[in-house]
Amino acid sequence: MTLTELNERFAIGNHVQFKEIAEGMIVAEVANHHALANIALQGAHIATFQPRGEEPVIWLSPFAKFAPGKSIRGGVPICWPWFGPHKTDSKLPGHGFARTVPWEIFETKALPDGSTFLRFGLVESDVTRTQWPHPCTLQLSVTVGKSLRVELSTHNTGNAAFELGEALHTYFQISDVAKMTIRGLEDCAYLDKVQDFAHCTQKDGIVIESEVDRVYVNTAADCVIEDKGLKRAIRIAKQGSMSTVVWNPWTEKADKMGDFGENGHRGMVCVESGNAMENVVKLAPDETHKLVVVYSVEKL
Ligand code: BG6
């Protein structure tokens, strides 16, 4: 669909407009009474979310590249249909392909409370079919209000079961990594990728002082990012998710990635809600699995 057609069919005055921000990169710009947000059609990638009167909740690197086929550094990348490296084929992209392929918009709606609702669907193509031979549909529903609600829905349309790994790989904006603590994962078991997947148990709140890359398993708990610098807490409330990934690449790895900027890692942390490792989801024919996360801001 062209930009003009998209706007004719799906723009809503005072809620949603579509814009081309770089060649081949169209975003839905949402601006309503409660908040501002940008969602790229590639990857159905929520790039920004900022409740009015607040600092941005979602971190987007100032050096993020908006280019066809490239993952955007920051925002809410969708890891799907596997999390991390592919189980058997190391040539396939890490975190799956959903974040770098085109999606289409199915629906936009202004809700009675002033929020904006958008629904996207992944476009099947030879690229997706060769990497993932299981017939299914994938949709993302986003409600932009005072809080941000994200629902990722996978439906098995084939006649065989399959295993699904997934995550909303959300980057959060924080004042400084030294001023934040993540709560909600106390006593939870995790696999520490920095220590070759060592099995560990979280004792207290999570404080980050070096590279952190952990998959917390068997946890449905809310997480709260307490940020003393911004005097706020970000609550991450989830359903249909049994894993939480906490990631900060720290100086050396962030420098190598080339799209963080100098000290960029100090102003962000990823707290990812999903199903990974032993928590992958088995989806029988005609079954639907929903991963739902609500991000909201509380005073500290
Ligand atoms: C995290 C992984 O979820 O994503 C890390 O646990 C990885 O190992 C990070 O480095 C970023 O991945 P990418 O592919 O977006 O650079």
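How do the residues of the shell around the ligand divide into nonpolar, polar and charged? There are three nonpolar, two polar and five charged. Here Asp, Glu, Lys and Arg count as charged, Ala, Val, Leu, Ile, Met, Phe, Trp, Tyr, Cys and Pro as nonpolar, and the others, Gly among them, as polar.

Quick housekeeping. This is a predicted model, where local features need pLDDT of at least 70 and side-chain atom pairs count only at pLDDT 80 or more, while totals for chains, interfaces and linings use all residues. Residues are numbered from 1 along each chain as its sequence is written, and side-chain values use heavy atoms, with hydrogens and water left out.

Okay, the ligand. Among the residues around it are Phe 83, His 95, Lys 193 and Trp 247, each with a heavy atom within 4 Å of the ligand. Now the polar contacts, meaning pairs of N or O atoms within 3.5 Å. A polar side-chain atom of Asp 213 sits 2.6 Å from a ligand oxygen, Arg 99 has one at 2.9 Å, and for Arg 73 the distance is 3.2 Å. The protein covers 78% of the 390 Å² of accessible area that the ligand has on its own (Shrake-Rupley method, 1.4 Å probe).

Next, the backbone. Most residues other than glycine have a negative phi, and most peptide bonds are trans. Well, the bond from Trp 80 to Pro 81 is cis, with omega near 5 degrees. And Asn 14 has a positive phi, near 60 degrees. Asn 14 counts as exposed because its relative accessibility is 69%, and exposed means over 50% with a 1.4 Å probe, protein chains only.

Notes:
Buried means under 20% relative accessible area, exposed over 50%, partly exposed in between (1.4 Å probe, protein chains only). A polar contact is a pair of N or O atoms within 3.5 Å; within protein, one must be able to donate a hydrogen and the other to accept it, and residues adjacent in sequence count only if both atoms are side-chain atoms.
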